[in-house]
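Please read this briefing alongside the sequence and the model shown below.

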Amino acid sequence: LGGVVIELFAAGDVLPRRSTTSLFDGSYQFGNLSAGVYDVRQMPVDGYLADRLTVRVTVPVEGAAVAWFANRSHGVISGLVYQDSDGDGIHDQGEAGIGGVNIALRDQAGLPFRDTLTTTSGAFVFAAVPAGSYRLVGTPVAGLSPTTPVEATVALSPGGSAMARFGLTLEVEHMQGPADG
């Protein structure tokens with residue numbers, strides 16, 4: 001990953017001795033170091049999750065040391081809540097989105113991660129989500145009945161995307177006429 005700021009500290013120091021920026025291929029280098037123990041720190045990168053921010057290395061006399069960092073890009077979970085006019089559980093052309101529906105994103109343990117409301121077009125997006133398994137839960141809407149499950153489980157790979165759709169249809173109340181006498 002290029003463009004990442006990397007700082008070099010003597011072990012335990014709070015101010016960096018040197019700073020550099022990684023090249024397009026992610027490589028970087030601090031030359032002419034004295035033997036000793038150093039902390040190499042990368043600065044956080046927007047949209048990426050670092051396996052660690054600091055690596056301690058020991059540089060031997062007339063030697064070198066390597067500090068590796070792994071950065072995984074976050075992913076996106078998106079979807080649509082739509083009015084399923086024909087009630088078949090499939091989003092068909094012409095079936096409009098429903099705005100203002102709360103969608104909850106829950107982690108693997110079922111704990112709340114984030115919530116959002118659908119846009120006027122029925123779309124929702126959770127950006128910068130770390131890789132993992134998540135559960136999307138749609139909040140019931142008065143006057144509408146679900147035509148699809150109100151929960152969906154999605155798996156998000158590093159830097160990937162996942163999508164879910166939730167269909168709702170108008171509730172129909174059955175009316176009875178007067179009894180024949």
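Is F124 buried or exposed? F124 is buried, with a relative accessible area of 2%, where buried means under 20% relative accessible area, exposed means over 50% and partly exposed lies in between, as found with a 1.4 Å probe on protein chains only. The model is a predicted one, in which local features need pLDDT of at least 70 and side-chain atom pairs count only at pLDDT 80 or more, while totals for chains, interfaces and linings use all residues. Residues are numbered from 1 along each chain as its sequence is written, and side-chain values use heavy atoms, with hydrogens and water left out.

**Aromatic rings**

- The structure holds four aromatic pairs, a pair being two rings of Phe, Tyr or Trp (for Trp, its six-membered ring) whose centres lie within 6.5 Å, with planes under 30 degrees apart counted as stacked, over 60 as edge-to-face and the rest as tilted.
- One of these is the edge-to-face pair of F124 and F126, at 6.1 Å centre to centre and with 65 degrees between the planes; F126 is buried, with a relative accessible area of 2%.
- The rings of F124 and F166 have their centres 6.3 Å apart and their planes at 35 degrees, so this pair is tilted.
- F124 belongs to strand β10 (residues 123-129) and F166 to strand β14 (residues 161-170), so their pair ties together parts that are 42 residues apart in sequence; strands here are DSSP runs of E of at least two residues, numbered from the N terminus.
- F124 and F166 are both buried, and ring pairs link F124, F126 and F166 into a cluster.

**The sheet with β1, β2, β3 and β5**

- Four strands make up an open sheet in the order β2-β1-β3-β5, with antiparallel pairing, where two strands pair if DSSP finds at least two bridges between them.
- At the edges stand β2 (18-21) and β5, each with a single partner strand, so one side of each is left without a neighbour in the sheet.
- From one strand to the next the twist averages 25 degrees, with axes taken as lines fitted to C-alpha atoms and angles running from 0 to 180 degrees between N-to-C directions.
- Within this sheet, β1 and β3 pair in the antiparallel sense over five bridges, and L8 stands opposite V40 in β3.

**The sheet with β7, β10, β12 and β14**

- Another open sheet of four strands has the order β10-β7-β14-β12, and its pairing is mixed.
- Its edges are β10 and β12 (144-146), each with a single partner strand, so one side of each is left without a neighbour in the sheet.
- The twist in this sheet averages 25 degrees from one strand to the next.
- Strands β12 and β14 pair in the antiparallel sense over three bridges, and the bridge partner of S145 in β14 is T169.

**Pairing around β11**

- Strand β8 (residues 102-106) and strand β11 (residues 132-138) run antiparallel and are joined by four bridges, with I103 opposite G138 in β11.
- Strand β11 is also joined by six bridges to strand β13 (residues 151-156), again running antiparallel, and L136 has A152 in β13 as its bridge partner.

**The largest pocket**

- About 490 Å³ of space lies in the largest pocket; on a 1 Å grid over the protein atoms alone, a pocket is an open set of points where a 1.4 Å probe fits, with protein on both sides within 12 Å along at least five of seven lines, and its volume is the space filled by probe spheres set on the points.
- The pocket is lined by 24 residues, of which Y28, Q29, A65, V66 and A67 are the closest to its centre, a lining residue being one with an atom within 4 Å of a point.
- Strands β1 (5-10), β3 (36-42) and β5 (54-59) each supply at least two residues of this lining.
- The lining divides into 16 nonpolar, eight polar and no charged residues, where Ala, Val, Leu, Ile, Met, Phe, Trp, Tyr, Cys and Pro count as nonpolar, Asp, Glu, Lys and Arg as charged, and the others, Gly among them, as polar.

**Positive phi angles**

- N32 has a phi near 55 degrees, a positive value in a residue other than glycine; N32 lies in the loop between β2 and β3 and is exposed, with a relative accessible area of 79%.
- A128 also has a phi near 55 degrees, a positive value in a residue other than glycine; A128 is placed in strand β10 and counts as partly exposed, at 38% relative accessibility.
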